[in-house]
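Have the sequence and the 3D view open as you read.

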Protein chains: 2
Amino acid sequence: MVRVRVEVHLRKGVTDPEGDNVQKALTLLGFKGIGGVHSAKLFLIDLATKDTKVARKEAEEMCRRLLANPVIHEYSIAVEK
Amino acid sequence: MVRVRVEVHLRKGVTDPEGDNVQKALTLLGFKGIGGVHSAKLFLIDLATKDTKVARKEAEEMCRRLLANPVIHEYSIAVEK
């Protein structure tokens, strides 16, 4: 069993309303010196395979087919043992 | 400038409909051997301070006051330079 970490970020230049609103809210709460907030999705996927290369390839395909929209998202994959 | 990574996960035992639906969709797409999918939120926060201890403390307070709901969430904080 291998656990894959998939991070799906918004591409640079794509508006991030959640990040912007978190920043506004934190500022309203009194936090100072916040240069920016970027929000992203994280998926932890358990795969039956033990081969990390196979797991990475499979996660890659999951991103392409379901988890990420290439127009606005970029993703990174890390395989944990 | 320090960048803080805040991961907000659902606590064990809390239903994760997004994770469950991603798992279902991946199975429908033909992916096999998926043991489970867990979804989480990730926030990357840029802080003006250079002190990593101060940054961690501040992020900790942000989680308590805004980013996480202690009833259903647990969070982890990592400070990047």
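Two strands are said to pair if DSSP finds at least two bridges between them. With that in hand, look at this predicted model and follow its open sheet of six strands, in the order S3(A)-S1(A)-S2(A)-S2(B)-S1(B)-S3(B), with antiparallel pairing. At the edges stand strand S3 (73–80) of chain A and strand S3 (73–80) of chain B; each has a single partner strand, so one side of each is left without a neighbour in the sheet. On average, and ignoring direction, neighbouring strands of this sheet are turned by 25 degrees against each other.

How many bridges join S2 of chain A to S2 of chain B? The two strands, each covering residues 34–47 of its chain, run antiparallel and are joined by 13 bridges.

## Strand S1 of chain B

Now move along to S1(B), which pairs with S2(B) in the antiparallel sense over eight bridges. Here Ile45(B) of S2(B) turns up again, as the bridge partner of Val4(B). S1(B) also pairs with S3(B), again in the antiparallel sense and over eight bridges. In that pairing, Arg5(B) has Ala78(B) of S3(B) as its bridge partner.

Why can S1(B) be called largely enclosed by the rest of the structure? Eight of its nine residues are buried, and that is the reason for the description.

## Helices on the sheet

Helix H1 of chain B, residues 17–28, lies across S2 of chain A and S2 of chain B, and runs at about 125 degrees to S2(B). Helix H2 of chain B, residues 52–67, packs on the sheet too, where it touches S2 of chain A as well as S1, S2 and S3 of chain B. The direction of H2(B) makes about 155 degrees with that of S3(B).

## Where helices of the two chains meet

Two packed helices are described by the angle between their axes and the distance between the axes. For H2 of chain A (residues 52–67) and H1(B), the angle is about 100 degrees and the axes are 11 Å apart. H2(A) is therefore roughly perpendicular to H1(B), since angles of 65 to 115 degrees count that way. Met62(A), Leu66(A) and Leu67(A) of H2(A) make the contact with Val22(B), Ala25(B) and Leu26(B) of H1(B). By class, this contact has six nonpolar, no polar and no charged residues.

H1 of chain A (residues 17–28) and H2(B) also pack at about 100 degrees, with their axes 11 Å apart. H1(A) is therefore roughly perpendicular to H2(B). Val22(A), Ala25(A) and Leu26(A) in H1(A) meet Met62(B), Leu66(B) and Leu67(B) in H2(B). By class, the contact of H1(A) with H2(B) has six nonpolar, no polar and no charged residues.

## A closer look at Glu7(B)

Finally, zoom in on Glu7(B), which sits in strand S1 (residues 2–10) of chain B. Is Glu7(B) buried or exposed? Its relative accessibility is 10%, and the cut-off for buried is under 20%, so Glu7(B) counts as buried.

The side chain of Glu7(B) makes a polar contact of 2.5 Å with the side chain of Arg5(A). Another polar contact, of 2.9 Å, links the side chains of Glu7(B) and His9(B). Leaving aside residues up to four places away in sequence, Glu7(B) touches Arg5(A) and Leu42(A) in chain A, along with Lys41(B), Leu42(B), Glu74(B), Tyr75(B) and Ser76(B) in chain B.

How values were computed: Residues numbered from 1 in each chain as written. Chains lettered and ligands numbered in written order. Predicted model: local features only at pLDDT ≥ 70, side-chain atom pairs only at ≥ 80, totals over all residues. Heavy atoms only, no water. Helix = DSSP H or I, 4+ residues; strand = E, 2+ residues; numbered from the N terminus. Buried < 20%, exposed > 50% of the residue type's maximum accessible area, 1.4 Å probe, protein only. Polar contact = N/O pair within 3.5 Å; in protein donor to acceptor, adjacent residues only side chain to side chain. Contact = heavy atoms within 4.5 Å. Axes fitted to C-alpha atoms, helices over the stretch in contact; angles between N-to-C directions. Parallel < 35°, antiparallel > 145°, perpendicular 65-115°, else oblique. Nonpolar A, V, L, I, M, F, W, Y, C, P; charged D, E, K, R; others polar.
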